[in-house]
Amino acid sequence: MLSSLWLLASCAPTSRVLQPGQQLLYRNSFDISMQDGSTVPPEVQAVLADCSKFVKQRPRNGLLNINHTILNTYYHPKIENNSWWARTARSIGVEPVLYNDMLTQASVRQLQSLMDVGGCFGSQVSADTVNLKRNRVEVRYRISAAPRYLIEEVTYAIKDSAISQLVNDTRSQSLLQPGDYYHQDLLSAERERLTALFQDNGYYRSLVDLIRFEVDTTFDNRYLSIRVIVENPIVMRDGVVYQYPYQQYFINHIMVDSVRVSQSVLQRMLVMREGLLYRPIRTTATYNALHDLHNFSLINIDYTESPQSSDSLRLLDVHCRLLENSQQSISASIEISNASPSKGASTSGNFGAETILQYQHRNFFGGAELFSLSGNLLIELQKSAIKSGFSDFRSNFSAFESGITASLNIPQFWMPWGNQLRGRMRPHTLFDIGTDYQYRSYFERMQVKSSFGYTWNASRFMQHRLMPVNVSYVRFFDFSEEFRNRVITALDRRLMYQYDDHLNISARYELTYSNQVLGRRENFSYLHVSIESAGILAAAVATSPGMADRTQYNNQGFAAGRTTDSDGDAISPYNLFSVPYSQYLRLSTEFKRYFHYGESSTLVMRVLLGIGMPYGNSITMPYEKCFFGGGPNNIRAWQLRRLGPGHYNSQGLDSYYWDQTGDMTLVLNLESRFPIFGPIEGALFADAGNVWLFKEDPNQPGAEFQLQNLFTDMALGLGVGLRLKISILTLRFDFALPAYDPTCAPLDRWRFKHWGFRTVQTNVGIDYPF
């Protein structure tokens, strides 16, 4: 029925759309040939690569005739109808593109200009129309191209000797080189390069209008010459025009307006200094450093010639005008998901929600210190909670997590040997401390953590983070009797270790690269790499005399005898302050690439890769450092911690639905985002990936990583999403279905035949998933 309606809409007669004498533009085509009959060479093809963009009229035809359907939706109601349905139909639809001969001729002129700009002088462009069925028309643009001109020589005419020397020293960087093909855009780019070169060397009064080009095309064999002319500045005194030489400018006085933020902090952010040569790059770096303080909604840096300036010494005064924003803010986010029934799991049908509430003060001590206090709450209700009327708080939850974290970000380096980094590198010192509580129906877990470190910028797009001190203490308690007996009976050393008390003392380094330019709709990449090592310092302390404790350590019967020596005898781990410490090396990386297409659509690709390697005092990764599959920001067709590891199937383990953890992970995400109408966006996505164990575990067959099983172990989820943009928030709804499940029997892994309403995994959140 739906397909019939779609066909009916897409084939609606154009008589509802067109008036007598009107035609619908259906298609543009291009017939490109060389004037001498030869094959169109690559250099000419390069000029015409985007020729369709220079056509004034473009049809709105799309895949599967979608836009014809939308067009007919626009004209379905009568023009005089102003009902709610009519207004909605018109807001969803698009107006037709009616053929206009005047616009076709304008397009011909545009294409002719394109050929001239690209150096194909003497080319000819024409257009004719072909009438199609149902009053539709195709416009054929015929381009008879001439060969493209080459640059034979570039000469310079520069009156100022200092400027002439500067240009000659950088001629290898010129965009105009003999032997290259001519393009008028090269002249504009070279003018911008020279202007930036002059200003970067202190020539504040350098003007674009003083740089011009003379192009001589009278050479034979399609060659031309270019003459670059740089005039001296002109000033009028007493009605007489004078030319004066270029002069370098130096910074004189600097004034910064701010009431709340300490002047010492602001001065430290300034990259320009009194007596330094004027350079625009210092202005940009200062702007970025001030913006990085998060205290100003508007930053304006003005230069004026100083009253102390003279003909022999040119000086500039700098005025930084800062408009301070609100120092305090509160923000909140929420993510909601359902636990869809899957293979008889006891927790199927549960409802899950996570919320984060954050308070920020951007000038905590008056020096632009950023103080943050955030709390998080995650709940997963048992499906029987509503039926029982929430009679027992603990039994209502299959999962409950809460935590609070306080952090302080100071815009300078706190070091015992002093602070040498200034505004250009935007140095920061970070402190944070927090605690997390986790409840499961079979155990409880408490974590206390703290860290200290630094961040700084190596360049415009690259940031470093070094956290030399990361300490966390994890304690498990209140195990259920059934759970304890089950783990002991299973004799699973991984489970025993993961549910032990332990101490983490680690160091972490992170690198973040992003070439996104805010305010521009350009393709960009994002890369984040993290390397963490734990246990080196703890081992040095714990093995020193009087500190090692190699006695039996027993956490409610879990830890005793969980490791063995070379003779197979049970031993306990080394302890620090009577608590086993972890030793591991963890590496993770995330890469994202954003492709913009159409007017407002985006294709996003993401790759997550992680590996953790325990050693020494650890037989596996600590629970909080493991990798997890599923969730609203990972593989959305599975719940968080419900995927993998590998093709191991845990569903037959009595009534327990273990958190599925891994030492390795690989996740691939592909999502297309496109506008629907108004503030509503749509999304189509595919998620693939899994988690694996680093070593074979006889208690989890199929969970270890094997290269030959990589593709058959990758879970695949498909879905659609809606995004509702409300003010500065984006409310997200994602609906996903498992397409391929590696934990099922080999002949039942493709899950299409099992799709249904009850197998949809629903995720609701704030902002995009990545």
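**Entry 1**

The model I consulted is predicted, so local features need pLDDT of at least 70 and side-chain atom pairs count only at pLDDT 80 or more, whereas totals for chains, interfaces and linings use all residues. Residues are numbered from 1 along each chain as its sequence is written, and side-chain values use heavy atoms, with hydrogens and water left out.

With which side chain does the side chain of S372 make a polar contact? I found the side chain of Q360 as the partner, at 3.4 Å. S372 belongs to strand β14, residues 370-381. Helices (H or I, at least four residues) and strands (E, at least two) are DSSP runs, numbered from the N terminus. S372 has a relative accessible area of 8% and is therefore buried. Buried means under 20% relative accessible area, exposed over 50%, and partly exposed in between (1.4 Å probe, protein chains only). I also listed the contacts of S372, contact meaning heavy atoms within 4.5 Å. Apart from neighbours within four places in sequence, they are Q358, Y359, Q360, T405, A406 and S407.

**Entry 1. The whole chain**

I counted 13 helices and 33 strands in the protein. Of its 770 residues, 46% count as buried. Among contacts between residues at least 6 apart in sequence, 66% join residues at least 24 apart.

**Entry 2. Nonpolar cores**

I next looked up the nonpolar cores, each a set of buried Ala, Val, Leu, Ile, Met, Phe, Trp, Tyr and Cys residues joined through side-chain atoms within 4.5 Å. In soluble globular proteins, nonpolar side chains tend to be buried together. Which residues touch the most other members of the largest core? They are L266, M272, L293, Y303 and V318, out of 24 residues. Two or more residues come from each of β9, α8 (263-269), α9 (280-291), β10 (296-305) and β11 (314-324). When residues up to four places away in sequence are not counted, M272 touches I251, I254, R282, T283, T286, I301, Y303 and V318. I noted a second, separate core of 22 residues, including V167, L176, L197 and V228.

**Entry 3. Aromatic rings**

How many aromatic pairs does a search of the whole structure find? I recorded 22. Rings of Phe, Tyr and Trp (its six-membered ring) pair if their centres lie within 6.5 Å; planes under 30 degrees apart count as stacked, over 60 as edge-to-face and the rest as tilted. The pair of F121 and Y182 is tilted, because its planes stand at 40°, with the ring centres 5.8 Å apart. F121 lies in the loop between α5 (101-117) and β2 (124-131), and Y182 in the loop between α6 (161-169) and α7 (184-200), so that I would call this a link between distant parts of the chain, 61 residues apart. F121 is partly exposed at 25% relative accessibility, whereas Y182 is buried at 6%.

The rings of Y203 and Y246 are edge-to-face, because their planes are at 85°; their centres are 6.0 Å apart. This pair also links distant parts of the chain, 43 residues apart: Y203 is in the loop between α7 and β5 (211-216), and Y246 is in the loop between β8 (240-243) and β9 (249-256). Both residues are buried. Elsewhere, ring pairs link F413, F431, F452, Y454 and W456 into a cluster.

I checked strand pairing, for which DSSP must find at least two bridges between two strands. Strands β20 (residues 524-534) and β25 (residues 584-597) pair in the antiparallel sense over eleven bridges, and V529 has T589 of β25 as its bridge partner. The pairing of β25 with β26 (residues 601-614) is also antiparallel, over 14 bridges. These two strands form a hairpin with three residues between them, and G598 in the turn has a positive phi of about 65°.

**Entry 4. Backbone details**

I found a cis peptide bond between G644 and P645, with omega about -5°. P645 is in the loop between β27 (627-628) and β28 (661-662). R641, in the loop between β27 and β28, has a positive phi of about 65° although it is not a glycine. R641 is buried, with a relative accessible area of 13%.

Technical notes. A polar contact is a pair of N or O atoms within 3.5 Å; within protein, one must be able to donate a hydrogen and the other to accept it, and residues adjacent in sequence count only if both atoms are side-chain atoms.
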